[in-house]
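Here is a short report on a single protein chain.

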Amino acid sequence: MPTGLLDPGQGLNSIRWRFALAGGVLGALAALGSVTALGGGALGQPRTWAVVAGAAVGVGAAIFWMASRLTNLVDALRRSTEAIADGDFGAPVEVDCACEIGGLANSFRRMRSRLNDNVLRINLLAYTDPITRLPNRSVVDRLLNFALDPSRSETYRAAIIFIDLDGFKRVNDTLGHAGGDALLAQAAERLLQQGLGRDLHTIDTCLDAFGTPCDRLPRDVVFARFAGDEFVAILPGTTDRAELAEIGERIVRSLAAPFSVQGQEVTVGASLGIAITPDDSVDPKEILAFADLAMYGSKQAGKSRYQFFDQQARQALLDATRIEAELRVALEQGQLRLHFQPKFQLRDGQLSGVEALVRWAHPTRGLLLPGAFIDIAERSGLMGELGRQVLTMAVAQCRQWMVQGRPLNVAVNVSPSQFSDPHFCTEVLEAIEQAGIPAELLSIEITESMAMTDFAATAARLARLRAAGVMIALDDFGIGFSNLSQLSRLPLDILKVDRSLVSALGTDPRADAIVRAIIGMAHALSCRVIAEGIETEPQRAHVRDLGCDCGQGFLLGRPVPADAVVLLPGAAVEPALAS
């Protein structure tokens with residue numbers, strides 16, 4: 001407020017004082033007029049002025065009292081308004097009067113109720129997952145930041161359980177997002193009721209009546225949907241490992257029975273990671289990262305199990321952080337290299353193409369295989385740049401072989417994050433144009449699960465690439481749950497039989513039947529079939545007898561640098577490549 005101005009309702013700005021003053025003046029004038037008219041005295045007589053003053057004071061006091069009754073109601077309404085302006089949406093409206101101000105107060109109550117309903121809806125959208133009706137990641141972050149604030153005098157003790165569903169992506173890809181959402185809701189309910197012994201009414205949501213996160217410690221279990229198919233449970237005061245092991249086993253068992261989704265029976269599991277504060281960490285971000293890392297260890301150990309965070313996992317996290325930093329430098333300095341695994345026609349042994357496989361020429365650790373860094377690249381958001389560099393190197397090598405008079409098709413694997421990038425097709429076509437090679441010399445390999453994710457977008461991307469002449473291969477085929485009617489509508493050139501099926505040939509009759517069916521279906525769709533992971537002579541003979549077109553694997557040729565690839569069409573497999 002500008003300096004020198006009175007606040008509303010103060011001094012002469014007050015309605016009660018203005019009305020009292022005006023009433024007093026009018027009362028005095030009325031009294032003076034009455035006395036004069038009745039001949040009760042002259043203006044100079046003391047009695048006359050006493051009557052006038054008494055009338056002024058009496059009328060002014062009466063009006064002041066009546067105005068005060070009115071302005072008290074206005075002040076109460078004003079205080080309620082200011083409380084709401086300050087964020088106290090629950091402040092009561094302390095006005096009860098059968099008058100115009102009372103009517104205004106009732107209107108204000110209705111407005112406040114409507115406002116509170118809107119605030120609640122907004123906060124529920126911001127802090128509650130609409131599918132499971134659980135608190136979301138923001139609530140977990142807010143709670144841990146408050147509970148583990150270094151300025152707090154008391155040490156907060158709790159277990160943080162990070163839960164990730166096993167097999168959810170397969171179901172989501174098969175049944176679509178609606179089916180995936182239905183499964184998430186059912187799985188959350190089971191995790192909560194059977195795993196944690198709670199329900200939506202007994203967990204502590206850490207939200208107030210308006211849906212806003214509270215700055216207080218939780219009174220009971222907190223269970224939230226963290227992201228995607230990930231959940232986080234916070235168990236305040238529970239740090240005994242034996243007790244947590246029992247809870248972990250209950251959570252895993254809670255998902256053992258199949259679910260019914262869209263009339264189909266589906267099964268998922270749960271991998272858990274458990275971290276304890278303050279034992280493992282008192283940092284909010286770190287304790288979540290440790291629980292997440294322990295969960296990842298459960299998946300690597302075979303899924304559908306729990307694992308506690310320990311120092312070995314801590315070291316793995318530190319190693320991953322270091323590798324991520326070094327990988328960023330590697331991408332900046334061009335430390336990636338390509339090796340190429342040859343693919344041969346099974347009928348006559350001719351070289352039919354190569355698959356580009358990335359290697360990292362680490363300055364101190366030597367040549368690293370993808371297993372040492374691909375997962376870290378995916379989690380850290382580096383896969384897009386890594387994929388672009390691999391594509392650029394692959395088409396450059398393809399150009400070099402073409403100039404040498406020995407054109408050779410080069411296949412490049414594409415990650416899910418790279419393929420879902422809206423600029424992916426443009427980047428591929430620009431790379432081909434800049435390298436100056438025919439589009440048919442490049443093959444793009446995507447997995448079966450990638451093909452079924454957002455089918456319409458997948459079909460559009462593949463159609464654009466195929467129209468330009470790029471070859472399309474479906475990798476790891478036979479282990480997913482593709483909708484074959486949809487698969488038939490994709491512009492595919494090659495189906496690659498997964499190595500797990502090839503390794504079972506001759507020992508598992510079901511594998512023989514599946515591979516035979518895949519080959520028949522592929523040929524019916526005018527696709528060639530490549531068998532992956534051929535490591536023995538009986539495997540090569542078996543897939544050839546089943547009608548498979550091409551094969552790749554250690555028996556036929558290991559990944560080698562470009563200058564070691566057998567380039568001449570029709571050349572036999574050299575011992576150096578078969579060793």
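## The enclosed cavity

A search of the whole structure turns up 1 cavity of 30 Å³ or more. A cavity is a set of points on a 1 Å grid over the protein atoms alone where a 1.4 Å probe fits but cannot get out. The volume of the largest cavity is about 40 Å³. Volume here is the space filled by probe spheres set on the points, with grid points joined across faces, edges and corners. This is a predicted model, in which local features need pLDDT of at least 70 and side-chain atom pairs count only at pLDDT 80 or more, while totals for chains, interfaces and linings use all residues. Residues are numbered from 1 along each chain as its sequence is written, and side-chain values use heavy atoms, with hydrogens and water left out.

Which residues line the largest cavity? They are K343, S352, G353, N409, I494, R528 and I530. Lining residues have an atom within 4 Å of a point. Strand 9 (351-362) and strand 15 (528-531) each supply at least two residues of this lining. Strands are DSSP runs of E with at least two residues, helices are runs of H or I with at least four, and both are numbered from the N terminus. By class, the lining has 2 nonpolar, 3 polar and 2 charged residues. Ala, Val, Leu, Ile, Met, Phe, Trp, Tyr, Cys and Pro count as nonpolar; Asp, Glu, Lys and Arg count as charged; the others, Gly among them, count as polar.

## An open pocket

The second largest pocket has a volume of about 410 Å³. A pocket is an open set of points with protein on both sides within 12 Å along at least five of seven lines. Its lining has 20 residues, and L293, Y296, Q300, A316 and R379 lie nearest its centre.

Helix 7, strand 7 (306-308), helix 8 (311-333) and helix 9 (374-379) each supply at least two lining residues. Helix 8 gives the most, with 6 residues. The lining splits into 11 nonpolar, 5 polar and 4 charged residues.

## E355 in strand 9

E355 is found in strand 9. Is E355 buried or exposed? E355 is buried, at a relative accessible area of 5%. Buried means under 20% relative accessible area, exposed over 50%, and partly exposed in between (1.4 Å probe, protein chains only).

The E355 side chain makes polar contacts with the side chain of N413 at 2.7 Å and with the side chain of Q552 at 2.9 Å. A polar contact is a pair of N or O atoms within 3.5 Å; within protein, one must be able to donate a hydrogen and the other to accept it, and residues adjacent in sequence count only if both atoms are side-chain atoms. Leaving out residues up to four places away in sequence, E355 touches H339, F340, Q341, K343, A411, N413, E445, K496 and Q552. Contact means heavy atoms within 4.5 Å.

## Helix 4 and its cap

Helix 4 spans residues 137-147, and its buried residues are V139, V140, L143, L144 and A147. They cover an arc of only 120° around the axis, so they sit on the same side of helix 4. The arc is that of the directions from the helix axis to the C-beta atoms. An α-helix has 3.6 residues a turn, so residues three or four places apart point the same way.

N136 caps the N-terminal end of helix 4. One of its side-chain oxygens lies 3.1 Å from the backbone nitrogen of S138.

## Backbone details in loops

R133 has a positive phi, near 65°, and is not glycine. R133 is found in the loop between helix 3 (100-127) and helix 4. R133 counts as exposed at 61% relative accessibility.

S526 also has a positive phi near 65° in a residue other than glycine. S526 is found in the loop between helix 17 (509-524) and strand 15, and counts as exposed at 66% relative accessibility. The peptide bond from T277 to P278 is cis, with omega near 15°. P278 lies in the loop between strand 6 (269-277) and helix 7 (284-300).

## The chain as a whole

The chain has 19 helices and 16 strands. Of its 579 residues, 45% count as buried. Among contacts with a separation of 6 or more, 66% join residues 24 or more positions apart.
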